[in-house]
Amino acid sequence: MSLYLKYLSMHLKSELQYKMSFILSFISQFFTFFGYYFTILCLFNKFSNIKGFTVYEVLLTFSIVTFGCSFCEVFFRGMDQFDKLIVEGNFDRLLLRPRNIILQVFGEEINYVKLSRVLQSLVILVIALLNLNVEWNIYKVLTLLLMMLGSITLFLSLFTIAATYCFITVKGLEIRHVLTDGGKHLAQYPIGIFRKGFVLVLTYIVPFGFVNYYPLLYILGRVEKKVYIFSPITTILYLIVSLLLFYKGVKKYSSVGS
Amino acid sequence: MSFIEVKHINKTFKVPIREDGKFGAMKSFFNRKYRYINAIQDISFSIKKGEIVGYIGPNGAGKSTTIKILSGILTPDSGSVCIDKMTPWIDRKKYVSEIGVVFGQRSQLWWDIPAIDSFNLLKDIYKISDEEYEKTLNELIELLNLKDIMNIPVRQLSLGNRMKCEIAASLIHKPKILFLDEPTIGLDAVSKKAVRDFIKRINKTNNVTVILTTHDMSDIEALAKRIILIGKGSILYDGTIGKLKKNYDYLRKVKITTKDNIEIKRDYIINQVKIKDEIEFVIDIRKVELSDFIKAISSKISIIDIEIISNDIDDLIVRLYEEYKI
Amino acid sequence: MKSYLSYFNLKFKTGLQYRAAAYAGIATQLFFGIIYTSVYIAFYESNASNYPMELNKLISFLWLNQAFFSLMYLWHKDKDILAIIKNGNIAYELCRPQDLYLMWASKILGERLSMVTLRFLPVLIFALLLPFPYKLILKTSIPFFLLSIIALVLSTFLSTFLILLCHIICMFTLDEKGIVNIFMVTADILSGLVIPIPFFPSFLQKISNILPFRYVSDFPFRLYVGDINIREGIIGIIIQLIWIIILVIIGRILSKRALRKAVIQGG
């Protein structure tokens with residue numbers, strides 16, 4: 001942990017070398033993000049609901065997903081950009097050090113600019129929460145926290161899977177955007193609005209549903225079962241599997257080379 | 001048993017063959033064919049503690065594969081490596097804290113901030129105690145004369161100063177073995193000398209074993225007594241430079257300036273070129289004494305000027321490569 | 001002229017080599033197509049009336065956008081061009097006997113055309129094979145077809161010149177991250193690629209009718225699906241032409257200025 005903090009401070013120091021560029025990027029990230037937000041507002045300007053979900057319910061789902069994604073893009077950027085490490089041959093350097101490889105991968109890159117998105121998703125989360133008609137209690141607060149943590153865990157897993165793919169080939173890596181960006185788009189809405197096939201995929205293959213749909217139903221009072229509260233925890237399993245795969249990739253890397 | 005013991009290591013890479021044609025990419029996606037490349041074959045050597053060894057060979061000979069195996073990044077298909085009682089790729093985490101690696105073409109320093117920050121990070125990575133760190137760092141700063149450049153962002157440093165910092169960074173945890181991959185590439189003469197002197201010095205004072213790969217033969221001449229020459233994945237020569245010279249350095253160029261014309265045919269004359277007033281002979285000194293040759297020639301023509309050029313090590317290596325057809 | 005053609009050719013042919021990227025791109029486009037159509041279908045199913053566009057027209061429009069996406073999106077960044085701007089090598093470009101503006105234009109055009117060439121057909125075929133209501137319907141009448149083809153060709157140039165303008169602005173800011181990025185994102189939204197223009201609030205629709213961005217993707221494809229009538233179509237094409245001329249003039253003036261600046265600075 002202390003090593004990771006060291007990495008954080010090193011990256012901050014590097015970033016502060018270019019203050020103006022940092023500020024401009026921070027602002028422009030804010031704008032990029034506004035695009036998604038704008039889409040949802042436009043659509044709800046024309047329609048009153050989507051399969052019974054109102055604008056603030058959708059915004060809640062949306063903010064949970066973007067929070068997790070942008071959080072990972074800030075703090076686990078090294079994993080997101082893992083292909084660079086492989087292509088530029090710098091992964092070897094990490095193997096030459098007597099420390100945990102995943103920690104070092106995280107430390108390779110920290111993207112403070114995207115804190116802008118984390119902030120904005122939190123703002124939208126607050127707006128949504130203030131406008132939702134929910135009777136809050138300790139269970140529902142817990143659910144919300146688990147949703148946020150689950151979202152981080154899930155995106156970290158997706159980043160790790162995409163990184164593991166780099167051990168096989170770095171060709172056509174753009175496909176990872178289907179996994180992360182695509183998933184992000186799809187899971188902006190409560191997955192219940194989609195046809196059955198999607199729901200199954202988003203529950204069992206890329207478990208966005210466990211992060212932003214099933215617990216959401218509990219918060220909104222559409223289901224009462226307490227088991228829904230803990231559904232985001234399943235993402236931990238997903239993370240474990242993806243990390244194991246990653247380690248397997250590291251092994252393969254050292255037997256096959258690049 | 002020696003400090004570094006490499007026995008019969010092999011490594012084959014599997015490279016997918018790209019198929020051409022319209023649906024080539026599609027075809028190779030479903031039915032991949034592979035080509036096998038023997039990067040290294042049956043390589044064995046041993047190195048004593050405190051030795052400096054030059055590991056040389058043309059591009060693609062298997063140098064970097066060997067270095068990768070020795071530094072624990074790559075696992076060989078067969079064979080064994082034992083370094084300081086460890087197998088690099090098995091005891092990787094423990095092993096790598098005993099080695100330092102410098103890739104001349106890559107950097108381990110953080111580009112935008114001063115080198116001292118990178119050193120501080122390495123202190124944490126290698127879990128070096130404050131005391132120990134302080135001591136080593138001061139030593140390095142003094143030896144490499146880094147005092148004035150430690151607090152300048154790395155991107156603003158000259159190539160020579162950057163390389164000094166790179167080397168310092170790889171020694172901060174006091175490794176027992178130092179791998180240097182083209183450490184003087186792109187450096188000017190002064191920096192080259194500084195880097196070489198430093199390598200010699202830490203080798204002497206700290207008894208650090210140094211394995212050096214380079215294309216710059218003057219590096220080898222200045223640093224390594226022993227060279228290992230590799231070509232097409234196999235070791236071609238392992239021994240001292242002196243012995244190598246004795247065996248292969250038998251050609252001399254003799255440039256004679258004269259107004260006369262002469263044509264000599266002898267078996268020891270390999271080549272003879274005349275440009276204006278200058279005749280250039282290439283002779284084989286195994287077959288004739290140089291002085292005898294000059295005597296013979298001076299009896300036939302009047303010599304205005306004479307110059308004898310001995311080969312530098314580059315020519316020697318080129319000839320070696322030619323001889324082994326690599 | 002010949003040299004610009006060869007820049008175009010070079011970029012086009014290089015682009016065709018990136019097969020793996022193309023497969024990934026096709027997959028992405030299909031995926032996003034499915035997401036977008038699904039979301040809109042869900043919205044239409046949950047709300048009885050007041051649709052800004054007919055559903056089948058909307059779905060076809062969305063698929064056409066996806067199929068020609070690589071020709072339409074406006075946040076295109078040319079790595080080579082940005083690199084020479086940032087590292088100051090731009091001064092060397094002056095040593096060449098060519099016009100920088102046209103050279104860059106042909107590079108960008110070549111790259112984008114190569115991308116779309118590899119991608120559009122598989123996306124179209126996939127979308128045609130989908131079941132109703134996800135299906136793309138290509139049926140249109142001859143006047144609409146002809147007009148939209150003209151509009152598509154013009155929009156290809158329009159998007160190229162817009163992107164080129166962004167890169168030229170980078171010559172002043174020396175960085176694509178700040179203002180240029182905001183400009184690109186705004187342009188992207190106002191082009192109707194993120195959400196079709198009819199779904200905009202009415203004041204924004206009016207604004208976007210004046211600006212060039214919607215004439216990149218919104219206009220040609222809505223014309224194709226028949227969401228815009230012939231008269232508006234002809235007016236739209238005239239507006240496209242006017243914008244192309246304006247953009248070229250602005251771009252050339254700015255690029256001359258920027259180059260002068262680069263020379264004074266000494267690169």
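Axes are lines fitted to C-alpha atoms, for helices over the stretch in contact, and angles run from 0 to 180 degrees between N-to-C directions. This is a predicted model, in which local features need pLDDT of at least 70, side-chain atom pairs count only at pLDDT 80 or more, and totals for chains, interfaces and linings use all residues. Residues are numbered from 1 along each chain as its sequence is written, while chains are lettered from A and ligands numbered from 1 in the order in which they are written. Helices (H or I, at least four residues) and strands (E, at least two) are DSSP runs, numbered from the N terminus.

**Two helices of chain B**

- Helix α6 (residues 159-171) and helix α7 (residues 189-206) of chain B have axes that come within 9 Å and cross at roughly 15 degrees.
- α6(B) and α7(B) are therefore roughly parallel to each other (angles under 35 degrees count as roughly parallel, over 145 as roughly antiparallel, 65 to 115 as roughly perpendicular and the rest as oblique).
- On the α6(B) side, the contact is made by B:Gly160, B:Met163, B:Lys164, B:Ile167 and B:Leu171 (two residues are in contact if their C-beta atoms, placed from the backbone, lie within 7 Å).
- On the α7(B) side, the contact is made by B:Ser191, B:Ala194, B:Val195, B:Phe198 and B:Ile202.

**The sheet of chain B**

- Three strands of chain B form an open sheet in the order β2-β1-β4, with antiparallel pairing (two strands pair if DSSP finds at least two bridges between them).
- β2 (34-47) and β4 (78-83) of chain B stand at the edges with a single partner strand each, so one side of each is left without a neighbour in the sheet.
- From one strand to the next, the twist averages 30 degrees.
- Strand β1 (residues 4-16) of chain B is joined to β2(B) by ten bridges, and B:Lys14 stands opposite B:Tyr36 in β2(B).

**A helix across the sheet**

- α2(B) lies across β1, β2 and β4 of chain B and runs at about 65 degrees to β2(B).
- Eight of the eight residues of helix α2 (residues 63-70) of chain B are buried (a residue is buried if 20 or more other C-beta atoms lie within 10 Å of its own, exposed if 12 or fewer, and partly exposed in between; C-beta atoms are placed from the backbone).
- Just after α2(B), B:Gly72 takes a positive phi of about 85 degrees.

**A helix of chain A**

- In helix α10 (residues 176-186) of chain A, the buried residues include A:Val178 and A:Leu186.
- The cover over the buried residues of α10(A) includes α9 (138-168) of chain A and α2 (19-46) of chain C.
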